[in-house]
Amino acid sequence: MSKHVKYVLLLILLIVAFAKADAQCAMCRAVLESEADNAQAKGINNGIMYLMALPYILVGGLIYVIYRARKRQKDA
């Protein structure tokens, strides 16, 4: 396996490992847990996690593109 594939697999493993993290603020959690059905609280939590992860994915992709461009310049 190449070095880059190992890093990508490690990144995916870390993302999956922390997928169960709670992302709700204390006030949102208190309001949502007071309801009998926790489905709405789970949906809010998943939405927060997706919104939180997207900027990190975009920045990581940008850093990777810059890295590849610099590596190509160095090799040429």
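**View 1. Arg29 in helix α2 of the predicted model.** Along the sequence, Arg29 and Asn45 are 16 residues apart. In space their C-alpha atoms are 9.0 Å apart. Asn45 belongs to helix α3, where it is buried.

**View 2. Leu32 in helix α2.** With a relative accessible area of 9%, Leu32 is buried, because the cut-off for a buried residue is under 20%. A separation of 19 Å is found between the C-alpha atoms of Leu32 and Leu51. These two residues are 19 positions apart along the chain.

**View 3. The packing of helix α3 against helix α2.** Ala41, Asn45 and Met49 are buried in α3. The buried residues of α3 pack against α2, which covers residues 26-33. An α-helix has 3.6 residues a turn, so residues three or four places apart point the same way.

**View 4. Helix α3 along its length.** The helix runs over residues 39-75, 37 residues in total. At 1.5 Å a residue, α3 should span 54 Å.

View 5. Val5 sits in helix α1, which takes in residues 3-17. The relative accessibility of Val5 is 37%, so Val5 counts as partly exposed.

**View 6. The whole chain, with three helices and zero strands.** From the N terminus, the order of the elements is α-α-α. The radius of gyration is 18 Å, well over the 11 Å that the globule rule gives for 76 residues, so the chain is more spread out than a compact globule. Taken along the principal axes, the box filled by the C-alpha atoms is roughly 65 × 20 × 15 Å. Of the 76 residues, 7% are buried. The chain exposes about 6900 Å² of surface, and carbon and sulfur atoms supply 69% of that area.

Technical notes:
Residues numbered from 1 in each chain as written. Predicted model: local features only at pLDDT ≥ 70, side-chain atom pairs only at ≥ 80, totals over all residues. Heavy atoms only, no water. Helix = DSSP H or I, 4+ residues; strand = E, 2+ residues; numbered from the N terminus. Expected span 1.5 Å × (residues − 1). Buried < 20%, exposed > 50% of the residue type's maximum accessible area, 1.4 Å probe, protein only. Contact = heavy atoms within 4.5 Å. Rg over C-alpha atoms; globule rule 2.2 N^0.38 Å. Areas by Shrake-Rupley, 256 points an atom, 1.4 Å probe, with all protein chains shown as cover.
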